[in-house]
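Trainee: I am new to this structure. Could you take me through its charged side chains?

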Amino acid sequence: EDEDYTNVADGALVWWRDDDGDGDDLADLLMDAIGNLDDGGVIWVLTPKASRGDHVDSRTIEQAAKTAGLNPTSTAVVGPEWAGTRIVSKAKR
């Protein structure tokens, strides 16, 4: 959904590349995403794998999540060129 979506969702899927902005920009996006999640909803941040030029360092994702009041909980390979980081509210782990 776009930024005008006003209902709640069970989860959010976000793509983020290095040239999309810095950690503060990602934190802002995560705060926007969590605002529309139902209780217990999760965010998956998909980023290019380390072998790609637009890779995002895992520390950037972790810091952005903490800035947004969230916790990164796990990572997964989601395709040949993409990795995912699962992010939840601090109340849920």
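Predicted model: local features only at pLDDT ≥ 70, side-chain atom pairs only at ≥ 80, totals over all residues.

Trainee: How many salt bridges does the count come to?

Mentor: The count comes to four salt bridges.

Trainee: Which side chain meets aspartate 54 in a salt bridge?

Mentor: Arginine 17 does, at 3.9 Å from N to O. Aspartate 54 lies in the loop between strand S2 (37-48) and helix H2 (58-67) and arginine 17 in the loop between S1 and H1, so the pair ties together parts 37 residues apart in sequence.

Trainee: Is aspartate 54 buried or exposed?

Mentor: Aspartate 54 counts as buried because its relative accessibility is 18%, and buried means under 20%. Arginine 17, at 28%, counts as partly exposed.

Trainee: And what does arginine 52 meet in a salt bridge?

Mentor: The side chain of arginine 52 meets that of glutamate 81, at 3.1 Å from N to O. This pair links distant parts of the chain, with arginine 52 in the loop between S2 and H2 and glutamate 81 in the loop between strand S3 (70-77) and strand S4 (82-89).

Trainee: What about aspartate 57?

Mentor: Aspartate 57 forms a salt bridge with arginine 59, at 3.0 Å from N to O. Arginine 59 counts as exposed, at 61% relative accessibility.

Trainee: Changing topic, which residues form the negative surface patch?

Mentor: The patch is formed by Asp18, Asp19, Asp20, Asp22, Asp24, Asp25, Asp28 and Asp32. Among them, aspartate 22 is in the loop between strand S1 (9-15) and helix H1 (23-35), and is partly exposed with a relative accessible area of 43%.

Definitions and conventions
Residues numbered from 1 in each chain as written. Heavy atoms only, no water. Patch = residues over 30% accessible without salt bridge, like charges linked within 9 Å, V, L, I, M, F, W, Y side chains within 5 Å. Areas by Shrake-Rupley, 256 points an atom, 1.4 Å probe, with all protein chains shown as cover. Lys, Arg positive; Asp, Glu negative; His and termini not counted. Charge placed at Lys NZ, Arg CZ, Asp CG, Glu CD. Helix = DSSP H or I, 4+ residues; strand = E, 2+ residues; numbered from the N terminus. Buried < 20%, exposed > 50% of the residue type's maximum accessible area, 1.4 Å probe, protein only.
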